[in-house]
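Visitor: I have a structure to show you. Please walk me through a few of its residues.

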Number of protein chains: 2
Amino acid sequence: MDPKKARRAVVVTTPAEARAACDEARKRGLRVGLVPTMGALHEGHLALTRLARQKADFVVCSIFVNPTQFGPNEDFDRYPRDLEGDVTKLTEVDLVFAPSVQAMYPPGDETRVRVGALAEHLCGPHRPGHFEGVATVVTKLFGVVGPCTAVFGKKDYQQLAVLRRVVTDLFLPVDVVGHPILREPDGLAMSSRNAYLSPEERAKALSLSHGLAAAARAFEAGERRAGTLRELAYAPVAAVATSIDYVTVADADALVPFADGASVGARATLAIACRVGKTRLIDNVVLGEDLASSIIPAF
Amino acid sequence: MDPKKARRAVVVTTPAEARAACDEARKRGLRVGLVPTMGALHEGHLALTRLARQKADFVVCSIFVNPTQFGPNEDFDRYPRDLEGDVTKLTEVDLVFAPSVQAMYPPGDETRVRVGALAEHLCGPHRPGHFEGVATVVTKLFGVVGPCTAVFGKKDYQQLAVLRRVVTDLFLPVDVVGHPILREPDGLAMSSRNAYLSPEERAKALSLSHGLAAAARAFEAGERRAGTLRELAYAPVAAVATSIDYVTVADADALVPFADGASVGARATLAIACRVGKTRLIDNVVLGEDLASSIIPAF
């Protein structure tokens, strides 16, 4: 084995240890990269760490299943956890920060970070408090790690928009980078929650990326009517989903939905959230952007 | 004039300039100190800058009348502003950061920082949104300035508690230091809002510190009944105030009020907010702590 590749991440569990390691790295002149995750790592996460490695010299991966971003009826308790397995996968990472809930939310903790309008659309109404939980825990992670380049996947498109907003508004010394969605060969967006799917559900779940691809192809062929683009994604999802939270064409930055009768401009986000069986899945495509970068495989 | 004393602060107005100056100072090995103010500087503010000078090598004073901490019927518009006069007073300061509202809250800004229980007592119910505005703008300032020692006056006792909470909860690299209340020779707590007082109101306003001193003396003599301590402060204030928001004995850290029948233990905060004429004044004493440090003059 190439010894350069045999990087073995150091695992720390307290904010103080993580901060000390990052400060020490910066003192040595290294640029710090951060990949915040909830663990249960798949190839999508590993792609984020590889991008962080390109942008930084000292890469931190946080693994923390954050309770404040789960609703009372969501899957916090059964969310997959496998710290040991995760650490062995992180060959591009120098430091794994895997704190306890108590370490991130000690007794007395009561500060929360929220965004306004950006959290009102898409997943916002369906997951009350979710983006406040996300914004809060990531602001905490930025506080611990300090100045860094932070890499997030675009599957959580709204999350990425919220975090860019937080960084801009609070003047945080963080460079936020989005990574294209990683997909299975058949098009399914990679997600830790895919592990919940039965074989039948796994097959049905393909309808999300199929619908997005159909809309993206129509967009590329010149279709601009929001309702038509939406329907192209909606129809296959409606055929398989247990329930649909939304299939929405929205402004790519402000996330404000287009009315069905509106014409989308040169760029828009088409996003889906639905349940297949009991598993909530999300996926999206940026029309006028992602198809060109071949994120959605032809099929 | 001693040239060492002729420090002339550099004034910058954009977050980028302020960050660059602070990063540059840290690169030179200097410790950065921060004194956030709303300007209209008085001797109390200058004492904060002197304490910052003791704790740091590069002292930043921010001057920003923050709109998000004022309610719709409060004095944002008429709050005293005198940037030029302020700058000449700041002989202990290296950098004055005096941003516009637009610079701190550019178009699209929507992130807010809030604390929960700490904002529910004392001024919280009387100034809805005030502490969210304070927590937000100071988190922004911490983002701009970076790792620092930040000095705040104890007159805004609840504000100090809120900001300590924010720094702890968000793991910000900031050392928060509280400075004892500065008072006029007759006991009135220094405040930019004292400028609003007519001579008659100025005389009446003494009742706040008189009431606090009476309670503090009783505490020192062994009185521990919350209701009795409260009444000692309440009576003189009630005699002069146009209206009273609260006269409260509260836990010195969590700020939860004691019931009148309770016994207060070794340490508690006695806090007042009321109007004298149209001017809202606040004052407080930490029983079991401040009297010993002679903050309230004998009278």
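Visitor: Where is the place of H45(A) in chain A?

Guide: This is a predicted model: local features need pLDDT of at least 70, side-chain atom pairs count only at pLDDT 80 or more, and totals for chains, interfaces and linings use all residues. Residues are numbered from 1 along each chain as written, chains are lettered from A and ligands numbered from 1 in written order, and side-chain values use heavy atoms, without hydrogens and water. Helices are DSSP runs of H or I, at least four residues, and strands are runs of E, at least two, numbered from the N terminus. H45(A) sits in helix 2 (residues 43-55).

Visitor: Is H45(A) buried or exposed?

Guide: Buried means under 20% relative accessible area, exposed over 50%, partly exposed in between (1.4 Å probe, protein chains only). H45(A) has a relative accessible area of 13%, so H45(A) is buried.

Visitor: Which feature does UniProt place at H45(A)?

Guide: The record is an unreviewed entry. UniProt positions use the numbering here, feature names are shortened, and annotations may be inferred rather than shown by experiment.

Visitor: With which side chain does the side chain of Q69(A) make a polar contact?

Guide: A polar contact is a pair of N or O atoms within 3.5 Å; within protein, one must be able to donate a hydrogen and the other to accept it, and residues adjacent in sequence count only if both atoms are side-chain atoms. For Q69(A), the distance is 2.9 Å, and the partner is N66(A).

Visitor: What is the relative accessible area of K140(A)?

Guide: K140(A) lies in helix 5 (residues 130-145) of chain A. K140(A) is buried, and its value is 0%.
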